[in-house]
Amino acid sequence: MSEIILNVELRDRAGTGGARETRRSGKVPGVLYGGGKAPVNISVKSNEFRKALYTGKLLGHLVTLQYGEEKQSVIAKAVQFHAVTDEPVHFDLYRVDEHQLIKIEVPVHFKNHETSVGLKKGGTLEIIRHTVELACPADKIPEELVIDLAGHDIGDVIRISEVKLPEGVKTAMDRDFVIANVKASAASQSGEGDTTTEG
């Protein structure tokens, strides 16, 4: 099971007024939906919710929801934040079975910028996709996809096929799409005189 357990309470009142009342009582309102059941209005104590959120393992991960003695595997799909205070004001949870196949966005990160051949020459990394949608079992969601820039030179196109996905995990789109490019910067291009060509 997952590392995070959210103790939830049921909310009687739906809508804006109910959500406001919940926040006033020191809780974050949310909705549990999916799994072929009706949506349920829930809430979690604000300090517990913030603690779970700031571990970085809440959004897009399998979480255990606890209501009394009942436990349910869920995925945190969305969290809304207050525009000024940046405090969480609402969340959506989605019911899943642990091994259920789901589609979920996972962040892409890059490593070895300092040893990249192209970047050392003055090139720049142009990121096309900051996240990639994956299809995977709910209990096998990768934390992130990491791309090694070490061997990449100016002009290289980095595609999803370069990323080694964990067993049982595949991309939601069935094509070899581009994640990033290593491009010549304006400064490095001007140093090459007339040899540059328009792409």
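Select D153 to begin: this residue is partly exposed, with a relative accessible area of 24%. Here buried means under 20% relative accessible area, exposed over 50%, and partly exposed in between, with a 1.4 Å probe and protein chains only. Before continuing, please note that this is a predicted model, in which local features need pLDDT of at least 70 and side-chain atom pairs count only at pLDDT 80 or more, while totals for chains, interfaces and linings use all residues. Residues are numbered from 1 along each chain as its sequence is written, and side-chain values use heavy atoms, with hydrogens and water left out.

The side chains of K121 and D153 form a salt bridge, at 2.9 Å from N to O. A salt bridge is defined as a side-chain nitrogen of Lys or Arg within 4 Å of a carboxyl oxygen of Asp or Glu. This pair links distant parts of the chain, 32 residues apart: K121 is in the loop between helix 3 (117-120) and strand 9 (124-127), and D153 is in the loop between strand 11 and strand 12 (157-159). Helices (H or I, at least four residues) and strands (E, at least two) are DSSP runs, numbered from the N terminus. Side chains of opposite charge can pair when their charged atoms come close.

Next, select E126 and K183. They form a salt bridge whose closest N and O atoms are 3.9 Å apart. Because E126 lies in strand 9 and K183 in strand 14, the pair ties together parts that are 57 residues apart in sequence. E126 is partly exposed at 31% relative accessibility, and K183 is partly exposed with a relative accessible area of 39%.

How many salt bridges does a search of the whole structure find? The search finds 4. One of them joins E9 to K27, with the closest N and O atoms 2.9 Å apart. E9 lies in strand 2 (residues 9-10) and K27 in strand 3 (residues 27-34), so this pair connects parts that are 18 residues apart in sequence.

Keep L145 selected and display its surroundings. Leaving aside neighbours within four places in sequence, L145 is in contact (heavy atoms within 4.5 Å) with residues including V106, V108, V132 and I160.

In what order do 4 strands form an open sheet? The order is 11-8-10-13, with mixed pairing; two strands pair if DSSP finds at least two bridges between them. Strand 11 and strand 13 (170-171) are the edge strands, each pairing on one side only. Strand 8 and strand 10 run antiparallel and are joined by 7 bridges.
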